[in-house]
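Work through the exercises below with the model open beside you. Try each task before reading its solution.

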Amino acid sequence: MDLGISARLRPIRDAVATMVRDNIAPLDAEYFAEVEVGDRWQFTPRQSEIIEGLKSNAKAAGLWNLWSPVTGHALSTVEYAYLAEEMGKAHLAPETFNCNAPDTGNMEVFEKYGTEAMKQQWLAPLLAGEIRSAYLMTEPDVASSDATNIALSCVRDGDDFVLNGEKWWATGAGDPRCAVYIVMVRTSSEGPKHQQHSMIVVPSDAPGIEKLRAMEVYGDDEAPHGHMHIRFTDVRVPAENMLLGEGRGFEISQGRLGPGRIHHCMRAIGMAEKALELMVRRSLAREAFGKPLAQLGGNFDYIANARMQIEQARLLCLKAAWMMDQGDARAAAPWISQIKVEAPRIALEITDQAVQMFGAQGISQDTPLARQWAHLRTLRLADGPDAVHRRQVARAELRKYTQEKV
């Protein structure tokens, strides 16, 4: 089992790390400051200049669509995991390399399951970084952690499907560049429970779509990206927009979520590394009670524990990535669940310790820590809450010792 940085990956990883450190991270604060200028849900000229300039530089350097085995560098999941870690160290980094959620997952769906027409209309501009997309699954009126509860109605009517219902936490749907949604819908109430749902492609400007509000994450609406609450009222979508066919929604979702969870977790490890760096620099630069902060209280222990936790989490994530590379999704699933619990939890704990080291400044806009903390706390719910993933890990463990259905 080789979890190291391969010879072909090293120059790519070094180039990504250098660009994140020298070109992207220094622009994060300026980009966020622009959110308060004019319409929060439109990009200012300076924001557009920042992000489009970074994307052009990444394309010119051959660091584009790195996630994709088709249009990128044909990297393994283990190899890409190292790049995702580097991208976790700056907010704008994933989009700079066209490796941002939820677009990577949606592009994978179009690549694996889309028709040629879908690929031309939606995949091509997504791969080019010309548009954005959103993935709509969670709903306000059901426990969406059990996705069999998803209830948004999708009924065949002649050559169309008609959609009625609500979705929320539609990440990226607030972005003015968001042109297309992939929507998990209910197409039947009969038969096996995992064959009652489907996925359908919906243009974001289809008549009957109403953005009710932006959901706030600890008081931040995350404009202009946003997580939107959306209502569908008699939204008509051509029947050919159905992915694979009715009843195959869960089949598609499992193909989509596995890689995305690995990407999230490795970015979380990058955030933990960033938090540890900030914590250490702060502990050496500031004094209190006649000593550097590093020598006060339990700060030695906090720093040491953070290093050990990061190393453990990285290895677990790489093991999960390696399991995915073996091609057996069922065998990889418990490993993905393990890291989906541990990476955000550990990164959140280290970020919280860094906040403490900075004092009041740590919860302000003067460091990336407050925004990072909110993102990591959210990640413990996104793509399945901790309790669901722990349940999957426990079921896999119990199966080793009993023939009982668990």
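The model is predicted.

**Exercise 1. Describe the aromatic pair of Tyr218 and Trp373.**

Step 1. Recall what is needed: the distance of the centres and the angle of the planes describe a pair of aromatic rings.
Step 2. Start from the count, which comes to 3 aromatic pairs. Tyr218 and Trp373 form an aromatic pair with 5.4 Å centre to centre and 70° between the planes.
Step 3. Classify the pair. Planes over 60 degrees apart count as edge-to-face, and the pair of Tyr218 and Trp373 is edge-to-face.
Step 4. Trp373 sits in helix α10 (residues 369-379), while Tyr218 is in the loop between β6 (209-214) and β7 (227-238). They are 155 residues apart, so the pair links distant parts of the chain.

**Exercise 2. How do helices α3 and α8 pack?**

Step 1. Take the geometry. Helix α3 (residues 77-87) and helix α8 (residues 299-325) pack at about 145°, and their axes are 8 Å apart.
Step 2. List the contact. From α3 come Thr77, Val78, Ala81, Tyr82 and Glu85. From α8 come Arg314, Leu318, Ala321, Trp322, Met324 and Asp325.
Step 3. Sort these residues: 7 are nonpolar, 1 is polar and 3 are charged.

**Exercise 3. Is α3 enclosed or exposed? Then examine Arg314.**

Step 1. Apply the cut-off: buried means under 20% relative accessible area.
Step 2. Count for α3. Because 11 of its 11 residues are buried, α3 is largely enclosed by the rest of the structure. Among the buried residues are Tyr80, Leu83 and Glu86.
Step 3. Turn to Arg314, in helix α8. At 12% relative accessibility, Arg314 counts as buried.
Step 4. Find its contacts. Leaving out residues up to four places away in sequence, Arg314 touches Glu85, Met266, Ile269 and Glu273.

**Exercise 4. Compare the annotated spans.**

Step 1. Take residues 10-130, listed by UniProt as "domain: Acyl-CoA dehydrogenase/oxidase N-terminal" in an unreviewed entry. This span is 64% helix and 0% strand, and its end C-alpha atoms lie 29 Å apart.
Step 2. Take residues 134-230, listed by UniProt as "domain: Acyl-CoA oxidase/dehydrogenase middle" in an unreviewed entry. This span is 0% helix and 47% strand, and its end C-alpha atoms lie 12 Å apart.

**Exercise 5. Locate Pro102 and Phe289.**

Step 1. Pro102 lies in the loop between α4 (93-96) and α5 (103-113). The peptide bond from Ala101 to Pro102 is cis.
Step 2. Phe289 is in the loop between β8 (287-288) and β9 (291-292). Its phi is near 55°, a positive value.
Step 3. At 82% relative accessibility, Phe289 counts as exposed.

Technical notes:
Residues numbered from 1 in each chain as written. Predicted model: local features only at pLDDT ≥ 70, side-chain atom pairs only at ≥ 80, totals over all residues. Heavy atoms only, no water. UniProt positions renumbered as here; feature names shortened; annotations may be inferred. Helix = DSSP H or I, 4+ residues; strand = E, 2+ residues; numbered from the N terminus. Axes fitted to C-alpha atoms, helices over the stretch in contact; angles between N-to-C directions. Contact = heavy atoms within 4.5 Å. Nonpolar A, V, L, I, M, F, W, Y, C, P; charged D, E, K, R; others polar. Buried < 20%, exposed > 50% of the residue type's maximum accessible area, 1.4 Å probe, protein only. Phe/Tyr/Trp six-rings, centres within 6.5 Å; stacked < 30°, edge-to-face > 60°.
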